[in-house]
Amino acid sequence: MIRFYDLGLSDPGLRAELDAAWARVADSGWMILGPELEAFEAEFAAFCGAGHAVGVGNGLDALVLALRAAGVGPGDEVIVPSHTFAATWLAAAAVGARPAPVEVDPKTYTLDPAGAAAAVTARTKAIVPVSLYGHPADMDPLMALAAKHGLFVLEDAAQSHGATYRGRRTGGLAHATAFSFYPTKTLGALGDGGCVTTDDPALAERLRSLRNYGSSEKYRHEVAGVNSRLDELQAAFLRVRLARLDVQIGQRRALAADYGRALAGAPDLTLPYAAKWADPAYHLYVVRSPRRDALQAGLKAAGVETLIHYPIPCHLQGAFADLGFRKGDFPLAERLAEEVLSLPFWPGMDEADAAVVAKAIREAA
Ligand SMILES: *Cc1c(COP(=O)(O)O)cnc(C)c1O
């Protein structure tokens, strides 16, 4: 049996460091908005090459609060990719704005800049490109488009910690970037967590207030904020994991190369693509097959666990029924939902396991 993912928590070295992190927080007696969060925010901002990082409760809140901090609200349109995790669209809806979907580039599966340019209207306020599966979005033309129309660009980098675009890491490419630290993400906590990075000090200040009841001074509330904070324990765990992240991203890239070699030439199979300006972090290893369901069943029978990211396109989800989209509106997103398959993938998975998966794929084909 080859599982889809392994959190790596059985590693004794990692366990000892996590135990020490827990002991440090327990000894301090300080659980919320304290020194661990401050240290993690500084370390993660440095990792991303961003001026500021603001820890929040989860990735969805990172997106929602960043849009709120930028003044996006009712009546506004937010350009989003047609193919993404629902949270990208939910964030736009949560602030009362309308998600305005644009099809993705068929190779990188990230927001197509030409499509985004064509989708700008008088109501457009923001663009939320998603660096899906660990491949960065094509940011330069999107930032140029935003500059031309005065739009806010929030990168959804929940799947692309450590990915680089023209040599620069996600987190420092847009006006603001939202990250998730859900346990299975490329940088994962041991529970929920998220963060927004930005170079804009005023935006960072608004985010610090919004995550903490809209308050920057105790019992004084300037805006109607929420309670969405990255707690001390998760921040301490994340510091341990962040110190290992570069090594783990290297392992992800090596494993992607192993899969690439083992699957080269497999019939009817499209392997992940890396644009020449991108160095993906391989959050997931996603292949495409026109006979995806049969392939997944064959792999299951061979003891190989796979997942589908994502089986229902956002425009056909009940949550977005009020937007009035129908089947056929975003053909590429619909096709991807039928064809994508995520193979077992985690840092430390060995080449022999990848070879077993590849063999099972060739036999199931
Ligand atoms: C995981 C994810 C989110 C949401 O993050 P949570 O921490 O689970 O709320 C948002 N966008 C994308 C693309 C994601 O993969």
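1. Which side chain does the side chain of Glu339 join in a polar contact? In this predicted model, the partner is Arg288, and the polar contact between the two side chains spans 3.0 Å.

2. Apart from neighbours within four places in sequence, the residues in contact with Glu339 are Val287, Arg288, Ser289, Pro290 and Arg292.

3. On the overall arrangement, the protein is divided into domain 1, residues 12-243, and domain 2, residues 245-364, and the C-alpha centres of these two domains are 24 Å apart. Across the boundary, 39 residues of domain 1 are in contact with 33 residues of domain 2, and the area buried between the domains is about 3200 Å², with carbon and sulfur atoms giving 65% of that area.

4. As for specific interactions, one salt bridge is counted between domain 1 and domain 2, and the side chains of Arg169 and Asp246 meet in a salt bridge at 2.7 Å, N to O. The two domains also have 14 residue pairs in polar contact, both residues being at pLDDT 80 or more.

5. On the side of domain 1 that touches domain 2, the elements giving two or more residues are helix H4 (86-94), strand S3 (98-102), strand S6 (164-165) and helix H8 (232-243); H4 gives the most, with four residues. The residues on this side of domain 1 comprise 19 nonpolar, 12 polar and eight charged.

Conventions. Residues numbered from 1 in each chain as written. Predicted model: local features only at pLDDT ≥ 70, side-chain atom pairs only at ≥ 80, totals over all residues. Heavy atoms only, no water. Polar contact = N/O pair within 3.5 Å; in protein donor to acceptor, adjacent residues only side chain to side chain. Contact = heavy atoms within 4.5 Å. Domains from an automatic or database assignment. Buried area = accessible area lost by both parts, 1.4 Å probe. Salt bridge = Lys/Arg side-chain N within 4 Å of Asp/Glu carboxyl O. Nonpolar A, V, L, I, M, F, W, Y, C, P; charged D, E, K, R; others polar.
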